[in-house]
Amino acid sequence: MPVRERSKPGSQSALRLSNQRRILSTVSGGPTTQADIARTTGLSTATVSNIVKVLVELGLVATSPTTSSGRRAQLVSLSSTDGAVSVGIDFGRRHVRIIVATLDYRVIAEKEVEIPAGYTAAEALDIAANLLTSTLNHARVPRSSVLGVGVGVPGPIDRRTGTVVDGAILPEWVGVTVGMVEEIFELPVYLENDANLGVLAEVTWGSHAGTPTVVFVKVGTGIGAGLILNGVPYSGNIGLTGEIGHTPIYEHGLLCRCGNRGCLETVASTTIMIELLSRTLDRPVRTRDIVRMALEGDERAIRVVEEAGLAVGRSIAAITNLINPHTIIVGGPLTGLGEMLLGPIRSALKRYAVPMIMETTDLVMSSLGERAEALGGAALVLQQAGIKTAVS
């Protein structure tokens with residue numbers, strides 16, 4: 001089901017944005033002649049020339065005369081303007097968060113709005129588009145200065161097509177493509193799973209820059225993992241990695257939305273935690289209530305958190321035994337619980353992970369909290385543009 005009737009991936013607008021992104025990606029490796037850009041991208045020299053003119057007007061690239069093989073040529077390079085920015089947008093079950101960052105990785109604007117439960121992808125994207133416009137206006141950043149938008153969604157994305165596929169926490173997103181999002185934002189878009197953006201944020205803005213092997217586990221409505229292996233984000237064969245929420249925990253447990261029984265998500269997600277506490281309290285509970293109640297010493301909340309932590313730790317142990325990471329980072333909306341959540345996770349790791357591996361692996365809570373995914377979106381844009389992090 002299309003996000004909007006006008007959101008057609010093959011439209012001229014989507015094609016233009018795609019070609020702009022291909023040229024920016026090519027130039028990110030260093031100054032390149034227009035002829036070389038044409039050879040690398042497969043675009044015609046006329047198309048490259050026209051798009052470069054647009055990018056120059058937007059302030060994203062600069063051109064200068066040069067010679068190539070004894071002939072006059074146009075050299076294209078990323079603009080050195082200090083006004084360029086990247087944008088990260090994170091979609092959750094009930095929120096949209098946006099972050100605007102400069103080329104030197106400074107956050108200059110940040111905003112979050114709640115959205116109604118059960119929203120459609122079209123509604124969420126419209127809200128995000130308006131939020132993007134208002135945030136840029138408030139920060140006095142012209143739209144032409146935006147290099148791109150890194151968008152995080154809670155679901156797997158097929159990298160071959162840039163499409164959200166079955167397995168998303170929000171089924172309304174299934175079938176949404178990067179082209180559809182670009183049509184609405186009218187900017188280059190990089191679509192990514194939220195846990196993958198979380199781990200990217202941790203090695204960019206967090207205290208884990210330079211850590212070669214990192215596992216970032218987001219515990220929320222769904223449970224997913226983002227991986228850094230040997231200093232590089234790992235996305236697997238077609239992009240479907242880190243789906244630990246569908247790791248079987250109890251053979252005869254609850255039926256999971258993936259079709260199996262007893263998956264981690266049916267035991268330790270915030271959805272299950274909310275359901276258990278709401279039933280006990282006979283009133284609606286939200287994620288923030290779980291954190292508040294547990295910190296206040298409510299035995300029911302503490303028990304729910306402990307059981308979830310033990311299940312998460314058991315699943316993480318399998319990853320730990322497989323890749324022997326330097327650091328495991330726990331993120332998501334429960335980060336405020338600190339050791340109250342980390343404690344049971346650590347206990348399960350000690351039981352199920354190889355002792356020597358566990359003894360040499362750090363288990364920490366994310367210092368970025370619920371900002372991680374939006375920060376990761378902004379970092380993804382800067383990474384695609386070839387702009388190195390200030391801490392690398």
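This is a predicted model: local features need pLDDT of at least 70, side-chain atom pairs count only at pLDDT 80 or more; totals for chains, interfaces and linings use all residues.
Residues are numbered from 1 along each chain as its sequence is written. Local features need pLDDT of at least 70 and side-chain atom pairs count only at pLDDT 80 or more, while totals for chains, interfaces and linings use all residues; side-chain values use heavy atoms, without hydrogens and water.

**Exercise 1.** Find the domains, then describe the contact of domain 2 with domain 3.

*Solution.* 
- Start with the bounds, which come from an automatic or database domain assignment: domain 1 is 12-78, domain 2 is 85-201 + 373-385, and domain 3 is 207-367.
- Next, count the contact residues (heavy atoms within 4.5 Å): domain 2 gives 19 residues and domain 3 gives 21 residues.
- Then take the buried area (accessible area, 1.4 Å probe, lost on putting two parts together, summed over both). Domain 2 and domain 3 bury about 1,600 Å², with 54% of it on carbon and sulfur atoms.

**Exercise 2.** Look for salt bridges across this interface, and work out which elements supply the domain 2 side.

*Solution.* 
- Apply the salt-bridge rule (side-chain nitrogen of Lys or Arg within 4 Å of a carboxyl oxygen of Asp or Glu): 3 salt bridges turn up between domain 2 and domain 3.
- Now turn to helices (DSSP H or I runs, at least four residues) and strands (E, at least two), numbered from the N terminus. At least two residues each come from β8 (157-158), α6 (194-202) and α13 (372-384) on the side of domain 2 that touches domain 3.
- Finally, pick the main supplier: α6 has the largest share of that side, 5 residues.
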